[in-house]
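Please look over the sequence and the model before reading on.

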Amino acid sequence: MFELGNRASPPSADDAVKNATDTSFMIDVIDASREAPVIVDFWAPWCGPCKTLAPILEHEVKATRGAVKLVKVDIEANPQLAQILSQQLRAQSIPAVFAFVNGQPVDGFMGAVSAGEVKSFVTRLAQSAGGGNGLDEALEQAEAMLEAGQTADAAQVFAAVLAEEPENPRAFAGMIRVALAMDDLERAKAGLAQVPPAIAEAPEIVAVRSSVELAEQAASASGETDALRSRLESDPNDHQARFDLAVALMAAQDNAGAIDELLELFRRDRDWNEGAAKAQLMTVFESLGPKDPIAQKGRRRLSSLIFA
């Protein structure tokens with residue numbers, strides 16, 4: 001069983017999220033923004049992207065634990081605010097999101113954006129207001145512990161963060177990575193199954209999901225590298241052997257070698273097995289993360305092959 005420790009209930013959303021109207025906008029947004037940043041989400045019931053954005057935005061605002069507020073405006077039900085949106089804020093489409101500080105709009109975006117971009121947007125506001133819940137430093141320490149092989153200590157810190165924020169994606173991913181570091185694949189898979197829907201597509205969860213997928217593949221390929229290399233020496237176009245060798249190399253923690261083999265497979269036959277080489281490369285890159293130098297080099301080499 002994947003244990004996360006004693007998890008506290010998330011804070012109430014009563015104060016963090018409100019619905020404003022033509023008559024309440026001045027109080028809910030303009031006046032309130034003099035106390036804390038207020039994000040205004042202009043939406044409409046018929047807007048599909050609005051419905052996708054809303055839960056992500058609400059989750060990130062609640063995670064600031066009061067440092068940032070969210071006000072939702074249905075432009076269909078509030079024509080005066082719809083007019084303000086188009087004429088004063090000069091937004092011609094929705095979803096349209098604006099941040100107010102001291103009664104003035106200071107930042108914003110329009111259209112569908114990724115969960116990571118929403119998180120960055122809200123975090124910037126919280127930090128500018130001196131907000132935040134003091135957990136980022138703890139997470140950085142836990143990740144350093146995990147990198148140093150101090151899995152038990154890292155697990156304790158990740159669990160403590162989850163007790164404060166049950167939907168913190170970094171902490172949730174950290175607990176899963178602890179299980180992987182301990183070679184407990186079943187526990188890692190159980191943890192992945194417990195990820196709350198609100199953070200299922202957070203960058204940290206996407207990356208650790210790829211790590212679990214690779215660990216599952218590697219579990220059945222460990223120790224086969226010599227035999228697979230022999231097959232390739234006999235037939236360099238044995239694509240299945242090259243693919244399996246890449247998986248075996250990942251099992252041996254040789255990510256650079258695995259990427260080399262997958263790139264060679266892509267070079268020889270990019271369409272083999274419905275593009276399996278490229279798909280596997282993307283999984284490896286996601287697992288390593290966008291800042292990993294091996295992943296960055298691999299992405300550049302893949303791009304060169306694609307556009308050659």
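**A walk through the predicted model**

Arg170 is a place to start, and its position is in helix α7. The model is a predicted one, and every value given here is computed from it. Is Arg170 buried or exposed? Its relative accessible area is 18%, and the cut-off for buried is under 20%, so Arg170 counts as buried. Which residues does Arg170 touch, once its neighbours within four places in sequence are left aside? The contacts are Asp136, Leu139, Glu140, Glu143, Phe158 and Glu204.

Helix α9 supplies the largest share, with 10 residues. By residue class, the lining of the largest pocket has 19 nonpolar, 10 polar and 13 charged members.

The next topic is charged pairs. Side chains of opposite charge can pair when their charged atoms come close. How many salt bridges are there by the rule used here? The count comes to 13. One of the pairs is Lys119 with Glu60, whose side chains meet at 3.9 Å, N to O. Lys119 is partly exposed, because its relative accessibility is 26%. Glu60 is buried, because its relative accessibility is 10%.

A second pair is Arg242 with Glu261, in a salt bridge of 2.8 Å, N to O. Arg242 sits in helix α11 and Glu261 in helix α12 (residues 255-268), so the parts tied together by this pair are 19 residues apart in sequence. Both Arg242 and Glu261 are buried.

Helix α12 also contains a pair of its own. Arg268 forms a salt bridge with Glu264, and the closest N and O atoms are 2.8 Å apart. Why are Arg268 and Glu264 separated by about one helical turn? The reason is that they are four residues apart in helix α12. Arg268 has a relative accessible area of 33% and is therefore partly exposed. Glu264, at 21% relative accessibility, is likewise classed as partly exposed. Salt bridges can also share residues: Asp41, Glu58 and Lys72 are linked in a network of them.

Last comes the protein as a whole. Its secondary structure comprises 14 helices and five strands. The C-alpha trace spans about 80 × 45 × 30 Å along its principal axes. Of the 308 residues in the protein, 45% are buried. Where contacts join residues at least 6 apart in sequence, 63% of them link residues at least 24 apart. The accessible surface of the protein is about 15700 Å², and carbon and sulfur atoms account for 49% of this area.

Notes. Residues numbered from 1 in each chain as written. Predicted model: local features only at pLDDT ≥ 70, side-chain atom pairs only at ≥ 80, totals over all residues. Heavy atoms only, no water. Helix = DSSP H or I, 4+ residues; strand = E, 2+ residues; numbered from the N terminus. Nonpolar A, V, L, I, M, F, W, Y, C, P; charged D, E, K, R; others polar. Buried < 20%, exposed > 50% of the residue type's maximum accessible area, 1.4 Å probe, protein only. Contact = heavy atoms within 4.5 Å. Areas by Shrake-Rupley, 256 points an atom, 1.4 Å probe, with all protein chains shown as cover. Salt bridge = Lys/Arg side-chain N within 4 Å of Asp/Glu carboxyl O.
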